[in-house]
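Let's take a look inside a protein together.

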Amino acid sequence: MGASSRLSPWTAHCHISRSFWAGRPCWSVAPMVATQPTPSRVLPFEAIPRSGHNAWLNLYHFWRTNSFQNLHYIMQKNFQRLGPIYRETVGTHDSVNVMLPRDAAQLFQSEGIYPRRMGIDAWIAHRLLRNHKCGVFLMNGEEWRADRLILNKEVINPAGTLKFLPFLNTVAEDFVDFMHRRVRKNTRRLLTIDLRHDLFRFTLEASSYALYGERLGLLEESPSPESLHFIHAVETMLRTTLPLLFIPPGVMRWANHKLWQDHMDAWDSIFKHADKCIQNIYQEFCLGKPRKYSGIMAELLLHAELPLDSIKANMTEFTAGSVDTTAMPLLFTLFELARNPHVQTAIREEIKAAEAHGPKELSKLLNSLPLLKAAIKETLRLYPVGITVQRYPTQDMVIQNYCVPAGTLCQVGLYAMGRSPEIFSDPELYSPQRWLSKGDHSFRALGFGFGVRQCIGRRLAEAEMTLFLFHLLRNFKIDTVSKADIKTVFGFILMPEKPPLLTFRPVD
Ligand code: O4T
C-alpha cells in the first residue's frame, strides 16, 4: 500500500525509472490468459464495482474512523458485498482488489521480469532526506533485478540458506534454555506470559546472527539497551508507516506532524543500529578475511559483487524487516497450537519421530517435519503478515470479465482469501493437515508473495520459525486460558489487538 497508485516524484529518488506503460486500450487486447470462461463481452474498467465513490470523502472517513488498522476486515467485507473484484479509491490510493487464486495467478503471469509493488513514499522520503541508498525492497526496474539476483545467492537460494541454518538453530536452542531458566524460577514450574517481547528478541537475535555472524546477547538476563531501543524503533516505524501511506509526505513534513517526526526518529534509530552492526563486521573483515562462513554480510563483502553502500542498504532492510514479520506469525502459531491441543500433540509426535532416526543434519531434519511446516502455512493463511500482495500488470488484462489496463495497482486480498469458504473448507478451523492433502493448493499460500519478487527473507523467516517451534515444542507444552478468536489490527503488519497470554509447562 502506498500513497499513490501511479509513480510519484518521490519514487524517482530510488533510481526508479518512470515507467510509462505503453498500454493500448484494453478492449483492443485479447485477454491475457484464457483461464476465464470466454466472456460474452468484456466490461470496461469503469464498470468494476467500487467501494465508495469519492476518494477524499473515503480518506476522511478512513481517518475519522481510524479504519487504517481494520483494512483487512474492511477488504473482507467489501469482497462479501461487491464480489471477487472491486475498485477502491482512498485519497490518491486507487487499486483493483481481487481474492481468487486464479485471479492472483493471472496477475502474476503478467508481472514481467521487473515486478513492482507500491513504493512507500514516506520511506523513500527518509532515504532522500538522509542521503541513504535504497535496498531491493524500495528499488524497481533493472537496478532492482541486478541487486536482487546477487543477494538471492546468499539470502534465499538453498546453497545460501544451508550455510546459516546452524546459526538459527543455536539461537533457537538458546531460547529454550532462556525459557527453562525462567520456568525453574517459578515454584509451580510453569510460566504464563505475554511472549511478544521475547519473540522480538528471538527474531532479532537469530537474524542478526545469520546476517552479521555476531550474537547480540538478547537472550541473556540483561540485554543491551541499544538493541531493545532498535526493536522498539522497528515497531514504531511500522506503526507510523500505515497512516503515512495515504498522505503525501510533503504534506506531512509541512504540517511537521508528530507522526512524521516519530517516523523519522524511528528510521534514524534503525539505521544507527544497523550501521553499528555493519561497522563491526566491516572492521573485522578489513583486518582479515574470515576463514569460515560467518554470516550473510561477510559473504557479500567477500564476493564484492555489490558496492558497500548497497550492501549496507540491504542489510538494514533485512535486519529491520526480519523482526516483527517473523515474531508475529510465531505468536499466532503458538496461540493456535495452544487452543488446538490435538494439533500440538500431532506435531510433537512428528518431532519425536523425526528425532527417533538419530541426529540428522539440519536441512534433512527440516524436511522431516512436514506437519510443522504446514502449521506455519496455516498460520499465514489465517494471519497473513502483509494482508495483501501487490502488482502492476505490464499488459492490459481481463480479470473477472473486466478490463484492467496495464499499470493499474492490483492487490490480492490475502486475509479475505484465507478465510473464504469458497477457497478453504472450514476456513475458521486451524488445520495444518489441509496443506498435506491431495488437491490443488496453487496460489493459495501467498503469505511471502510470489515469483522473482517474493519476500527475499522468506527462507530465513521459514527456517527461524521452524527451528524455533521444533525446539520449543520438544521442551514445552503450550496452553492458553482464552480459546476465543483474537482480534487483529493492521499496523503495516498484522498483529493481535491484545497479545494472548500463553502458559508453558516443561514436557517431562
Ligand atoms: C519491507 C521490509 C523488508 C525495512 C524495515 C522492511 C521492514 C519490514 C517487511 C518484510 C514483509 C513485509 C510486509 N509488508 O510491504 C508486512 C522494516 C524494510 N519489511 O517489515 Cl528497512 N516482509 C514487510 S510488505 O512487504 C507487503
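The notes below start with the cavities and then move on to the rings. Keep in mind that this is a predicted model. The count of cavities of 30 Å³ or more comes to four, and a search of the whole structure turns up 19 aromatic pairs.

**Empty space inside**

- Rolling a probe the size of a water molecule over the atoms shows where empty space is left.
- The largest cavity holds about 1100 Å³ of space.
- That largest cavity is lined by 50 residues, and the closest to its centre are Arg-117, Phe-137, Gly-321, Thr-325 and Cys-455.
- Sorting the lining of the largest cavity by type gives 32 nonpolar, twelve polar and six charged residues.
- Several elements give at least two residues each to this lining, including α4 (121-130), α10 (258-287), β4 (388-391) and α18 (458-475).
- Which helix gives the largest share of the lining of the largest cavity? That's α12, with six residues.

**Rings that pair up**

- A pair of aromatic rings is described by the distance of the centres and the angle of the planes.
- Take Phe-167 and Tyr-293: their centres are 5.6 Å apart with 70° between the planes, an edge-to-face pair.
- This pair ties together distant parts of the chain, 126 residues apart: Phe-167 belongs to helix α6 (residues 158-185), while Tyr-293 is in the loop between α10 and α11 (296-303).
- Are Phe-167 and Tyr-293 buried or exposed? Both of them are buried.
- Now try Phe-443 and Phe-450: the ring centres are 4.9 Å apart and the planes meet at 40°, so this pair counts as tilted.
- Phe-443 has a relative accessible area of 21%, so Phe-443 is partly exposed.
- Phe-450 comes in at 29% relative accessibility, so Phe-450 is partly exposed too.

**A cluster of rings**

- Trp-123, Phe-137, Trp-267, Phe-271 and Phe-492 get together in one aromatic cluster.

**Charges over rings**

- Arg-116 lies over the face of Tyr-392, 4.0 Å from the ring centre.
- Arg-419 has its charged end over the ring of Tyr-383, 5.5 Å from the centre of that ring.

Notes: Residues are numbered from 1 along each chain as its sequence is written. This is a predicted model: local features need pLDDT of at least 70, side-chain atom pairs count only at pLDDT 80 or more; totals for chains, interfaces and linings use all residues. Side-chain values use heavy atoms; hydrogens and water are left out. On a 1 Å grid over the protein atoms alone, a cavity is a set of points where a 1.4 Å probe fits but cannot get out, and a pocket is an open set with protein on both sides within 12 Å along at least five of seven lines; lining residues have an atom within 4 Å of a point. Grid points are joined across faces, edges and corners, and a volume is the space filled by probe spheres set on the points. Helices (H or I, at least four residues) and strands (E, at least two) are DSSP runs, numbered from the N terminus. Ala, Val, Leu, Ile, Met, Phe, Trp, Tyr, Cys and Pro count as nonpolar, Asp, Glu, Lys and Arg as charged, and the others, Gly among them, as polar. Rings of Phe, Tyr and Trp (its six-membered ring) pair if their centres lie within 6.5 Å; planes under 30 degrees apart count as stacked, over 60 as edge-to-face and the rest as tilted. Buried means under 20% relative accessible area, exposed over 50%, partly exposed in between (1.4 Å probe, protein chains only). A charge sits over a ring if NZ of Lys or CZ of Arg is within 6 Å of the ring centre and within 35 degrees of the ring normal.
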